[in-house]
Amino acid sequence: MAEIGVDVGKAADILNSGDLVAIPTETVYGLAANALLPNSVVRIFEAKKRPFFDPLIVHISSIHEVEKYASHFPKAAIDLCNKFWPGPLTVILPKKDLVPDLVTAGQKTVALRVPQHPLTLELLKRLEFPLAAPSANPFGYVSPTLASHVQAQLGNKIAYILDGGPSKVGLESTIVSFADGTPKILRLGGLSVLDIEAETGHLDQDIIQNSNPIAPGQLDKHYAPHCSFEIREPTADEFQKKSIALLRFQSYHAHFPKDQQLILSETGSLAEAARHLFDMMRRLDDLKFQLVLAEKVPNEGLGLAINDRLKRASR
Ligand code: TXA
Ligand code: MG
């Protein structure tokens, strides 16, 4: 099992020696390695059983680092990053040669993000390299929002988990590509499209629903628990079934036992629902229900990203 602690110096030592460390971010926990060292990065893919065609996000300590790794940083991207970094925003930019092909899955672009978590920012400032870090879960499973989630699934593959408490946003970063002329949104996430478009004006979305080698985080089935997961109301003959659980937005279903239901946000807050989503999906999975029936949340703001994750979990 991995050691869990808050020792940034220890995390830095392990990363400096080429090993993996799980790091807290405001979105989800990441599984980090020296992004400039292919021999370290390859261990991320091995630990996650992640296909090599799925590129990694490179985490940096500030916007001033971008030009080390990107060959072009257009004005629109600078403005967006100035506004939302540190935060749940990832930008795709043309890469410099320094970034290994393994990190970008051979693409000529690199994904960059400044995460918002004091421990991880301190860690990044201490290191002389950026951190490649996908979400710290086995490929295709639900992303971790607690150190214990990482321990449960990858604890035997990593030496250290830097414990930053529960992730404050709870959904992966929103990805905006500046790879060609017009920016577009590739992944809905913890920064709402509404907030982004308030800065940029309308952006096209290229959130592909089927297998997509350009952005495999968008694979049809992804972020998925092991149990059967469907988005629908229970039918009357399901009301008495002990094997079924409900994941509800704001209120309990009247005809279903309360101890078989989890509520994302009793106050109806989408931010709170986002924060609870992955933990609740994991809890229902761990309780070994055969079937989880989820209710959609309002399709606005962060709700768009929450519904996107529910949909991907349900295929
Ligand atoms: O919030 C987050 O983004 C978390 C934390 C740890 O930062 N990370 C995360 O990483 O969600 P991951 O690997 O689970 O998802 C990253 C996704 C990839 O699946 C891929 O879709 C996209 O980012 N990506 C990375 N590099 C790309 C590139 N050059 N072009 C297009 N998409 C890219
Ligand atoms: Mg992931």
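Visitor: Is Glu65 buried or exposed in this model, and how would I tell?

Guide: The model is a predicted one, and the general idea is that a residue counts as buried when its relative accessible area is under 20%. Glu65 has a relative accessible area of 19%, so Glu65 is buried.

Visitor: Which side chain does Glu65 meet in a salt bridge?

Guide: Side chains of opposite charge can pair when their charged atoms come close. Here the partner of Glu65 is Lys68, with N and O 3.1 Å apart, and Lys68, at 42% relative accessibility, counts as partly exposed.

Visitor: Which parts of the chain does the salt bridge between Glu295 and Arg248 tie together?

Guide: In this pair the closest N and O atoms are 3.7 Å apart. Because Glu295 lies in the loop between β15 and α10, while Arg248 belongs to strand β13, the pair ties together parts that are 47 residues apart in sequence. Arg248 is buried, with a relative accessible area of 8%, whereas Glu295 is partly exposed at 21%.

Visitor: Which residues are linked in a network of salt bridges?

Guide: Glu172, Asp308, Arg309 and Arg312 are linked in such a network, and the count of salt bridges in the model comes to 18.

Visitor: How many residues surround ligand 1, and which are the closest?

Guide: There are 26 residues around ligand 1, the closest being Thr27, Arg50, Asp54, His59 and Ser173. A polar side-chain atom of Thr27 lies 2.6 Å from an oxygen atom of the ligand, and a side-chain N or O atom of His59 is also 2.6 Å from a ligand oxygen. The protein covers 98% of the 670 Å² of accessible area that ligand 1 has on its own.

Definitions and conventions
Residues numbered from 1 in each chain as written. Chains lettered and ligands numbered in written order. Predicted model: local features only at pLDDT ≥ 70, side-chain atom pairs only at ≥ 80, totals over all residues. Heavy atoms only, no water. Near = heavy atom within 4 Å. Polar contact = N/O pair within 3.5 Å; in protein donor to acceptor, adjacent residues only side chain to side chain. Areas by Shrake-Rupley, 256 points an atom, 1.4 Å probe, with all protein chains shown as cover. Salt bridge = Lys/Arg side-chain N within 4 Å of Asp/Glu carboxyl O. Buried < 20%, exposed > 50% of the residue type's maximum accessible area, 1.4 Å probe, protein only. Helix = DSSP H or I, 4+ residues; strand = E, 2+ residues; numbered from the N terminus.
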